[in-house]
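Please read these notes with the model open beside you.

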Amino acid sequence: MAHLEGSQYEITVEVCGQFWSVRLHSEGALEFFVALTGGRRRERSFAVLERESYLPLQLTREGELYRIAPAASPAPDSENGAGGVGGADGPRAELPVTWLDGVRGTLRVENRRGDAMLESADPAVAAETASRAGANAGAADAERSPAARAVESRRAVARDGLRLEIKSDQDACFYGLGERTGALDKRGRTYQMWNSDDPFQRGATDPLYQSIPLLLHARNGRCDGVFLDFPGRSWFDVADTDPSAVTVTAENDSISFFVIPGPGPADVVRRYTALSGRMLLPPLWALGYHQSRYSYYPDHRVQAIAEQFRDRDIPCDAVYLDIHYMDEYRVFTWDPSGFPRPSRLVEELHRLGMRVVTIVDPGVKVDAEYRTFTEGMRRDVFARNADGSLYRGEVWPGEAAFPDFTKREARRFWSEQHHELFSHGVDGVWNDMNEPADFTGDFFDRTRFTPPSNVVLEADGRPRSIDHYHNVYANLMCRATADSFARYKPEERPFILTRAGYAGIQRLAAVWTGDNDSSWDHLAVSIPMLLNMGLSGVAFVGADVGGFQGNAEPELFARWMQAAALTPFMRGHTALGTRDHEPWSFGPRAERIARDAIRLRYSLLPYLYACFVEAHRSGLPVMRPLVLEFFDDPRCRRIWDQFMCGEALLVAPVLQPAAERRLVYLPRGEWYELDGNERLSGGRDLVVDTPLERLPVYVRAGKVLARRQALRSTAAASEDSGELELSVYLSGTEDPVRSVLFDDDGLSNDHYDGRYRETVFELSGGAGGSMLRVAPVQLGYAPPYRAYRITVHGLAPETLESFRIELVGPDRERRAVECKIADERAQLRLPVSSEPVELRMSW
Ligand code: GLC
């Protein structure tokens, strides 16, 4: 690992697993992971951040060290483009930006701490921006905007802070900000960035576990983003005090602030994730159904749960061990009576095709007989009070010390502790309580249920109060966990699940939304919550299916299973002392519905996996609000109870009890029901019958959906029938619609070396026929299937008699293809080929 001080930024270049990663340090804690496109074991130069909006940097190797310097100034390519960067030695870069609507300004990125500030031509913005640090303390009240004054008086904070006001208007919609209660559009409330363990969440509870200071601001047909890179406390007053303004207040004397141009929300998310990092491709098993409870105990109960899934033929890929697997909650130990032979248990579970995920909490029991504590003390990795004494908080094991994850040595120490889990075959790590939660805090004020301000984190020479690093604590813990995978399982993709997180958490971990309730309200709120997480750059998200606290009942459980079936992360979990919440715990009807929902997910895994690949490559979320796909349709701006799974599927879950029907809005274009044959025109509302068995799912016309048999786990793919199902949904328009299929081993990192197969489908329509082009674009992996079993949806009954289909290969010869018409759908078999082919359909 090389470490050097650049003239502009402090840069760390390290070998993270097998990949080069480059991190830009800012404030000593947030690190932008920027080498996502970097090759492995190769030198390369690349634009670290996206050229259009950020600073292009060049990485060059100099012996053992790497030098990073601004690349040659690019020509301005748009009015929002980077208009030039200071010379190679220059300590600053100035980027002209169009500040939201028409106000021009300069985003100045300065000094090696990565501070940035906006200088705007708008005097109001400039005045607010200028009120930094000391200037802020001395500024007369009269110079501040009423909104800012109101924020200050209401919150009584940020006396030493920094405030920025953004002009908006009353029609604007807002999205992002991480994990929030409330509707999809975040207008009309003030949100605090302060990771908090709040299991008592109700309608307007704020903050929760994840704070992501990215706000998407949509108005006048345009969407821009503002991102505040500050891991301490800040507030976003989103048209709350003043319906035409957003005020951002940060408790610090400097901030890094980014304006991220659109023009659509997808552009903002793509650019923001180019800056803060994108999800690594997870192992395929992480996309399966997972089962958890607080806690399955002892080992034979865990095994019995796994066996039930197999006996009842319900697909499942992973089972979780909550805190009782540990020896009196000492992290990195095993309970000697309940889990005496962890290796054997894990082996048995693996034999059943189940992966094992263990919980890890940051609080380390203060115990002179416990190695993780004594070794940690010896290596000085725990957080201390300002007077230098060890900080003693309290978590599950009683008195507990908290690792200071801002220290490199503490992260190394933590990653080494995982040997105790991985040596027994554990597959994934679940990082909980990492806000961090501390029981010695204020039980009733959950923002203070955390170590107090006089705890100091060292940040390798930049000591500050723990408050300053509060929100990034979880990211740094996850980074240590990620390092443990690189250390002990270098051949496998990591799977880490986290409760807390800050900007950039997506590059390290999947996120679940913490302690929800088994209630209809919490089922409903989970949808906009997950959607805004996706818009905040975090693609791999899910809520505890069935609800964590309290007892679900059959109808709620069945509806939750359906609603979660096409969310990115699907895990059933429940609290201590609740009734059983496994798929079979609510009677035969609910079990059938749960099985069908999970099978639906497994049958769509080839499609879902391609959505994850897209998220990995572009940052676009798997689960998307309609506004992301249909930004120009005003109806979509506030729809929160429907979502897109990738580009192709629209899901309209039932979120209320006794709902025999629900309203579904189909955006413009043409749609099909998932297994339907009838083309439905969009731009209208449908009233849809929703008996308990039914989850309304629609497919965009023109899409090709890859599906397979739902097997008992993702590991059972080799038992597949040898055919992959392709559902082709004809469209009436001539413009080709693209769909992508991605295959690899689902487990290793070989895909970075091109060992994957990628196939692009392009379907174009027309009055008398349709054409499907199947073009493999990467052939580095042999998938388990040999042929596609194609079903063509959308043929009009009067065309069935004359329907013909021909295959055109690279030799341009036309060959008739045998095809069967059943149930008004055309069915045919197409052998998988390494050459592009066209299927020409005519009628
Ligand atoms: C926290 C977690 C929950 C877990 C429990 C016990 O409440 O959010 O998921 O089951 O701790 O570890």
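**Notes on the model**

1. Around the ligand are Y294, D322, I323, I359, W396, W430, D432, R499, W512, D515, F548 and H573; a residue is listed if one of its heavy atoms lies within 4 Å of the molecule. This is a predicted model, in which local features need pLDDT of at least 70 and side-chain atom pairs count only at pLDDT 80 or more, while totals for chains, interfaces and linings use all residues. Residues are numbered from 1 along each chain as its sequence is written, and side-chain values use heavy atoms, with hydrogens and water left out.

2. The distance is 2.5 Å for D322, 2.8 Å for R499 and 2.9 Å for H573. The protein buries 97% of the 310 Å² that the ligand exposes when taken alone; such areas come from the Shrake-Rupley method with a 1.4 Å probe.

3. F444 lies in the loop that runs between β25 (428-431) and β26 (455-457); strands are DSSP runs of E, at least two residues long. Its relative accessible area is 76%, so F444 is exposed (exposed is over 50%, buried under 20%, partly exposed in between; 1.4 Å probe, protein chains only).

4. Which residue counts as buried, and which as partly exposed, C645 or C819? C645 is buried because its relative accessibility is 0%, whereas C819, at 27%, is partly exposed.

5. A disulfide is a pair of cysteine sulfur atoms within 2.5 Å. The count by this rule is zero. For C645, the nearest cysteine sulfur is that of C611, 4.9 Å away.

Conventions. Helix = DSSP H or I, 4+ residues; strand = E, 2+ residues; numbered from the N terminus. Polar contact = N/O pair within 3.5 Å; in protein donor to acceptor, adjacent residues only side chain to side chain.
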